[in-house]
Amino acid sequence: MSRLKLKVGIVGAGGRGILCFGKEIVTRNDAQVVALCDPNPGRMELAAKELGFNPKFHTSVKDMIAAEKLDAVVITSPDFCHESNAVDALDSGANVLIDKPLSTTVKGCRNIIDAAERAGKVIMMGFNLRHLAVLKKLKKLVSEGVLGRIFLIENREFYSGGRTYMSRWNRLYAKSGGLWVHKGSHDFDIFNWLLDFPKPVKVSAFAGVDVLNPQHIPFEVKPGVPVGPTCHQCRYGEICPDIFRDEEVRKSLWGDSAARVDGYSRDLCMYTSDKDTHDNGIAIVEYENGAKASHLECFVTPISDRRYTLVGDLGQAEVSLEKRIITVYSRWGQEVTTHYIPEAQGGHGGADPMLTDSFFRVLKGEEKNTSTIEHGMWSTAIGQAAEISRREERTVKIAELFQLP
Ligand SMILES: NC(=O)c1ccc[n+]([C@@H]2O[C@H](COP(=O)([O-])OP(=O)(O)OC[C@H]3O[C@@H](n4cnc5c(N)ncnc54)[C@H](O)[C@@H]3O)[C@@H](O)[C@H]2O)c1
């Protein structure tokens with residue numbers, strides 16, 4: 001890697017690939033995007049416009065790496081094809097940054113881990129939440145022992161942008177592994193990271209679609225005038241309080257020229273779409289050291305925040321990511337300390353540029369890779385167990401997942 005700029009390819013020229021990583025990488029002086037790999041040539045054309053130059057277009061990861069002699073690829077394709085894309089990239093000799101989740105199943109994760117061992121290349125998880133200033137500060141306080149031995153964690157995630165999980169490919173279990181994997185893997189990784197990676201042992205979860213279904217359309221539907229199927233086709237646009245005005249989106253990567261190829265629309269009606277996911281739920285995890293964690297996620301809410309409670313034998317922390325506040329209560333001393341974290345610039349509260357920078361620092365040997373694919377596997381494991389628990393209505397032992405064919 002002695003060239004001035006590392007040669008990077010992006011696998012999956014969509015929202016994360018182009019609007020996050022692509023746009024970040026073009027600002028760097030140590031890396032350049034030289035190629036895109038996506039089954040949709042129309043989207044690659046639109047992606048090139050977004051980036052402001054013309055990378056090479058490919059539809060095969062292996063061919064792209066061989067033809068362009070890439071140093072690294074960033075994998076931002078839909079979750080169900082992370083496994084095949086990562087294995088192909090590693091087998092072709094590229095270093096990899098892979099967005100969460102590592103794969104939709106433990107088996108898929110283990111296949112990637114095997115490929116990484118064969119390849120001896122860097123493969124780093126795109127766990128951007130770990131780079132958020134509030135959570136970095138919280139991790140520091142935990143590592144310094146301010147709370148003592150942590151035995152209980154709760155996270156309540158409220159996300160007002162939940163339509164994205166009802167209107168796109170991630171609404172389908174077959175493509176995302178379900179929302180406990182697709183979305184929850186972020187949060188399960190934060191639990192694992194804060195607890196310093198004890199093995200998760202058991203998971204129970206409950207979840208459902210309680211609001212974003214046809215029974216709860218928030219206006220009167222006239223006989224013979226169906227809603228949807230997309231917001232831009234819907235005849236109730238004037239009265240639907242959830243109408244998604246996607247004119248801007250359709251000017252970028254999801255324009256008509258791309259939609260003509262794969263029919264991908266980001267504005268399927270969130271009430272009537274053919275989803276098999278959830279709009280709210282609770283998952284509980286028990287770890288080998290006895291620590292317990294609970295994760296609530298709700299996508300029907302007017303607010304967006306992650307609110308954590310951590311309890312240790314020396315104190316308790318209350319955290320709001322949105323307000324960027326950590327309050328620490330000491331167990332015996334009546335002491336209360338509040339930490340206000342300054343706002344950071346960039347996507348996901350400044351976490352995306354930090355994550356991108358971290359990947360290139362790892363590639364240049366300036367930093368150790370601390371977001372490993374083993375970490376990716378454990379967060380997927382909790383998510384997969386939560387999906388099974390929810391569907392089969394039982395507590396799932398993580399060990400079971402390692403026996404599945
Ligand atoms: N870390 C985060 O905060 C965060 C946020 C959103 C999404 N994600 C993850 O990023 C990834 C991409 O999500 P997105 O929202 O950008 O999706 P997207 O739909 O915007 O983009 C996905 C792109 O992948 C392409 N694609 C489809 N099949 C492919 C294949 N087999 N090989 C290569 N490309 C393929 C699609 O044509 C599309 O252009 C997902 O894994 C998702 O879980 C992470």
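Student: Two strands count as paired when DSSP finds at least two bridges between them. With that settled, which residue in β10 stands opposite glutamate 286?

Tutor: Lysine 292 in β10 stands opposite glutamate 286. Please keep in mind that this is a predicted model.

Student: How many bridges pair β9 and β10, and in which sense?

Tutor: Strand β9, residues 280-287, and β10 are paired over 7 bridges in the antiparallel sense. The two strands form a hairpin, with 4 residues between them.

Student: Which residue in the turn has a positive phi?

Tutor: Glycine 290 does, with a phi of about 90 degrees. This glycine belongs to the loop between β9 and β10.

Student: Is glycine 290 buried, exposed or partly exposed?

Tutor: Its relative accessible area is 29%. Buried means under 20% and exposed means over 50%, so glycine 290 counts as partly exposed.

Student: What separates the C-alpha atoms of glycine 290 and phenylalanine 151?

Tutor: A distance of 6.9 Å separates them, although the two residues are 139 residues apart along the chain.

Student: And which strand pairs with β7 in the parallel sense?

Tutor: Strand β10, residues 292-298, pairs in the parallel sense with strand β7, residues 150-158, over 7 bridges. One example of a facing pair is asparagine 155, whose bridge partner in β10 is histidine 295.

Student: What is the order of the open sheet of 9 strands?

Tutor: The order is β14-β13-β12-β11-β7-β10-β9-β8-β15, and the pairing is mixed.

Student: Why is one side of β14 and of β15 left without a neighbour in the sheet?

Tutor: β14 (336-340) and β15 (396-397) stand at the edges of the sheet, and each has a single partner strand, so one side of each has no neighbour there. For β15, strand β8 (residues 200-208) is joined to it by 2 bridges, and the two run antiparallel. In that pairing, valine 203 stands opposite valine 396 in β15.

Student: Let us turn to β11. Is arginine 306 there buried or exposed?

Tutor: Arginine 306, found in strand β11 (residues 305-312), counts as buried, with a relative accessibility of 11%.

Student: Which side chains does the side chain of arginine 306 contact?

Tutor: Its side chain makes a polar contact of 3.4 Å with the side chain of glutamate 157. A polar contact of 2.6 Å also joins the side chain of arginine 306 to that of aspartate 187. Aspartate 187 is itself one of the buried residues of helix α10.

Student: How many residues of α10 are buried?

Tutor: Helix α10, residues 184-194, is mostly covered, with 11 of its 11 residues buried. They include Phe188, Ile190, Phe191 and Trp193. The helix is followed by aspartate 196, which has a positive phi near 65 degrees.

Student: I also see a sheet of 6 strands. What is its order?

Tutor: This open sheet has the order β3-β2-β1-β4-β5-β6, with parallel pairing. From one strand to the next, the twist averages 25 degrees.

Student: How many bridges do β5 and β6 have?

Tutor: They pair in the parallel sense over 4 bridges. Aspartate 99 stands opposite glycine 126 in β6.

Student: What does the side chain of asparagine 95 reach?

Tutor: It reaches the backbone nitrogen of valine 122 at 2.9 Å. Asparagine 95 is placed in strand β5 (residues 95-99) and is buried, with a relative accessible area of 4%.

Student: Now the ligand. Which residues come nearest?

Tutor: Arg16, Asp38, Asp79, His82 and Tyr264 come nearest, out of 29 residues around the ligand. That shell divides into 10 nonpolar, 11 polar and 8 charged residues. Helices α1 (15-25) and α4 (82-91) each supply at least two residues of the shell.

Student: Where does a polar side-chain atom of arginine 168 lie?

Tutor: It lies 3.1 Å from an oxygen atom of the ligand. An N or O atom in the side chain of tryptophan 169 is 2.9 Å from an oxygen atom of the ligand, and a backbone N or O atom of glycine 15 lies 2.8 Å from a ligand oxygen.

Student: How much of the ligand does the protein bury?

Tutor: Taken alone, the ligand exposes 850 Å², and the protein buries 88% of that.

Definitions and conventions:
Residues are numbered from 1 along each chain as its sequence is written. This is a predicted model: local features need pLDDT of at least 70, side-chain atom pairs count only at pLDDT 80 or more; totals for chains, interfaces and linings use all residues. Side-chain values use heavy atoms; hydrogens and water are left out. A residue is near a molecule or strand if one of its heavy atoms lies within 4 Å of it. A polar contact is a pair of N or O atoms within 3.5 Å; within protein, one must be able to donate a hydrogen and the other to accept it, and residues adjacent in sequence count only if both atoms are side-chain atoms. Accessible areas come from the Shrake-Rupley method with a 1.4 Å probe; for residues, only the protein chains shown count as cover. Ala, Val, Leu, Ile, Met, Phe, Trp, Tyr, Cys and Pro count as nonpolar, Asp, Glu, Lys and Arg as charged, and the others, Gly among them, as polar. Buried means under 20% relative accessible area, exposed over 50%, partly exposed in between (1.4 Å probe, protein chains only). Axes are lines fitted to C-alpha atoms, for helices over the stretch in contact, and angles run from 0 to 180 degrees between N-to-C directions.
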